[in-house]
Amino acid sequence: MSITDLLRREWAAFRRPGRLTALAVAVLAVIGLGLLSASGSRSSCDGPCPATPVAADGSAVGDTFWFLHRGLGRQGAITVRMTSMTGTITYPPPNHDSIVAGLVPWAKAGIIVKDGPRQGSRYAALAMTGAHGVRFQYDYRHDVAGSRDRLPRWLRLTRSGDTITGAESADGNRWHTVGTATMAGLPDTVRVGLFATSPGDLTLRETGLGGAVEESRFTQAVGVFDHVTVEGGDGGWVSEPVGQMNQTDWEKYHNPSGAVRKGEVVTVSGTGDIGPLGEDSPRVVENLLAGLVIALAVVLVVAARLGSRTAREAVPRRVVAARAAVAGVAAFVTGLVAAGVVLPVGIAIMKGNGVPAQPLPLLTGARVIAGAGLVLALGAVLAYGLGVWLRRAAALVALALVALPYGLTAFPLLPDAVAGWLLRLTPAAGFAVLQTRVEYPQVTAHYAPSAGYFPLPGWAGLAVLGAYAAVATWWALRRGAAPVPSAPPGSGIIAG
């Protein structure tokens with residue numbers, strides 16, 4: 001019997017009503033729970049929530065700061081001396097009245113060139129930070145380290161066509177280039193000026209289950225500048241926020257964000273952040289695929305029982321392999337259909353409810369949908385191999401190895417340190433392929449499993465799950481089934 005005929009036969013045998021019904025239930029569980037989550041999501045804003053800023057590449061970004069700016073032509077520069085940088089941190093409830101002086105590590109104040117004051121527009125900035133020295137940052141994702149010298153510090157941004165260069169100096173005479181950015185397509189006139197911003201400072205409150213609840217502290221940065229000169233400038237100075245500002249009690253009653261000029265000294269106060277979107281983004285994919293743990297459990301049980309039946313029949317090794325392939329393909333289609341339906345429909349429902357859901361780029365969405373199928377497929381192959389090897393106990397072992405670690409970390413019910421190791425060492429590591437959140441050193445966020453971050457990249461997580469599946473299949477072929485019997489010479493019987 002050819003391999004194609006063998007696979008067709010095993011697929012026909014696999015299509016028992018009970019198995020197909022179980023897989024259909026798995027699909028419906030993912031879709032049903034995902035759409036229920038999407039339908040229950042509502043805007044928390046008074047009226048429509050502000051649209052999430054989107055950069056030129058389609059990614060959602062944070063882009064909020066105070067901007068004192070004027071026009072700049074295709075050739076020109078801004079030079080300033082930054083003399084001091086201070087800040088304020090206010091604590092959330094229950095100690096909301098506790099206010100301390102200080103800067104969070106990624107508070108920023110400095111100079112910036114930007115394609116207009118609209119959120120998401122292209123930019124290049126040179127700034128002093130709260131704890132990381134001088135940084136040259138551009139187009140949200142790029143970050144280049146400068147010196148860690150203390151203030152006062154001279155800063156300069158030079159524009160030559162589409163090229164922006166950031167340089168720093170201790171005395172205003174000897175300059176050191178920090179970084180250069182080529183930003184094709186900049187208009188003839190951009191905006192250039194001073195800015196200040198400060199992201200919320202995250203604190204973690206431990207829960208009784210071992211997880212942690214994130215709380216964000218409001219912060220504000222204040223930069224003081226003098227010797228402000230602009231070469232190639234156009235028009236007068238404009239002072240305005242990029243994004244919403246002056247909404248908190250601290251800003252309303254104590255120190256409003258803004259720009260104040262006294263002679264040659266300019267003081268700029270601001271809050272927010274400029275960079276990839278961090279913890280403010282809703283966990284869209286995680287919420288819509290919450291039912292995947294149920295689908296995983298169903299797939300594992302179905303595959304383990306198939307493996308147990310295979311062991312009782314003592315079929316040839318090629319049949320063992322064929323049934324593993326059939327179980328994997330069936331599980332792959334289950335994940336593909338479930339994720340392929342719930343993600344686009346769920347995101348559309350959330351947007352219709354006014355939820356500021358982060359856009360899901362086409363390639364990222366395709367990777368998540370295919371990844372859901374691959375995780376279920378490899379999980380099924382693992383469970384099938386365990387079924388051939390362990391028989392009746394296989395379903396429980398598969399659930400303990402794959403579904404339980406994923407469920408404990410996805411909801412989350414474990415301390416981040418423990419969850420991190422489970423997602424490195426167990427087959428649940430494969431779910432890293434579903435991750436859409438990216439860790440950026442220059443973005444303040446809680447990079448841990450409880451916040452949707454996996455410790456391994458997607459390919460490495462799939463490799464861990466694939467290694468488990470390969471070992472289980474190898475063991476099943478070696479120990480769990482009979483070899484193909486040899487045909488006696490001259491009998492005319494073809495083995496297999």
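Does Thr90 count as buried or exposed, and at what relative accessibility? I began my notebook with this residue, and I found that Thr90 counts as buried because its relative accessibility is 10%, where buried means under 20% relative accessible area, exposed means over 50%, and partly exposed lies in between (1.4 Å probe, protein chains only).

**Entry 1: what I am looking at**

I noted that this is a predicted model, in which local features need pLDDT of at least 70 and side-chain atom pairs count only at pLDDT 80 or more, while totals for chains, interfaces and linings use all residues. Residues are numbered from 1 along each chain as its sequence is written, and side-chain values use heavy atoms, with hydrogens and water left out.

I looked up the confidence next, given as pLDDT (the predictor's confidence in each residue, from 0 to 100). The mean pLDDT of the protein is 88, and 89% of its residues reach 70 or more. Over residues 489–496 pLDDT stays under 50, and for this stretch the model has seven contacts beyond four places in sequence, a contact being heavy atoms within 4.5 Å. Where pLDDT is low, the predicted coordinates should not be read in detail.

**Entry 2: the whole protein**

I counted ten helices and 17 strands in the protein; helices (H or I, at least four residues) and strands (E, at least two) are DSSP runs, numbered from the N terminus. Of the 496 residues, 50% count as buried. The accessible surface comes to about 22000 Å², and 60% of this belongs to carbon and sulfur atoms, with areas taken from the Shrake-Rupley method with a 1.4 Å probe and, for residues, only the protein chains shown counting as cover. When I took contacts between residues at least 6 apart in sequence, 74% of them joined residues at least 24 apart.

**Entry 3: back to Thr90**

I placed Thr90 in strand 2 (residues 65–90). Leaving aside neighbours within four places in sequence, I found Thr90 in contact with Ser98, Ile99, Arg217, Phe218 and Trp250.

**Entry 4: salt bridges**

I then searched for salt bridges (a side-chain nitrogen of Lys or Arg within 4 Å of a carboxyl oxygen of Asp or Glu), and by this rule the count comes to 17.

The side chains of Arg323 and Glu10 meet in one of them, at 2.7 Å from N to O. This pair links distant parts of the chain, since Arg323 is in helix 6 and Glu10 is in helix 1 (residues 3–14), 313 residues apart. Arg323 counts as buried because its relative accessible area is 8%, and Glu10 counts as buried because its relative accessibility is 5%. I also noted that Arg323 and Glu10 belong to a network of salt bridges that links Arg9, Glu10, Arg309, Glu313 and Arg323.

A further salt bridge joins the side chains of Arg74 and Asp162, at 3.6 Å from N to O. Here too the pair links distant parts of the chain, with Arg74 in strand 2 and Asp162 in the loop between strand 8 (153–160) and strand 9 (163–169), 88 residues apart. Arg74 is partly exposed, with a relative accessible area of 31%, and Asp162 is partly exposed at 22%.

I also looked at Arg135 and Asp143, whose side chains meet in a salt bridge at 2.5 Å from N to O. Arg135 counts as buried at 13% relative accessibility, whereas Asp143 is partly exposed, with a relative accessible area of 24%.

How far apart are the end C-alpha atoms of helix 5? They are 32 Å apart, which agrees with the 32 Å that the 22 residues of helix 5 (residues 292–313) should span at 1.5 Å a residue, because the expected span is 1.5 Å times one less than the number of residues. Helix 5 is mostly covered, with 16 of its 22 residues buried, and it is followed by Ala314, whose phi is positive, near 50 degrees.

In helix 6 (residues 317–352) I looked up Val337, which counts as partly exposed because its relative accessibility is 41%. Val337 makes a nonpolar surface patch of about 360 Å² together with Val329, Val333, Val341 and Val345. Patches are made of residues with over 30% relative accessible area and no salt bridge, where like charges are joined within 9 Å and nonpolar side chains (Val, Leu, Ile, Met, Phe, Trp, Tyr) within 5 Å.

Not counting residues up to four places away in sequence, Leu374 touches Phe332 and Leu462. The C-alpha atoms of Leu374 and Leu462 are separated by 8.2 Å, although these residues are 88 apart along the chain.
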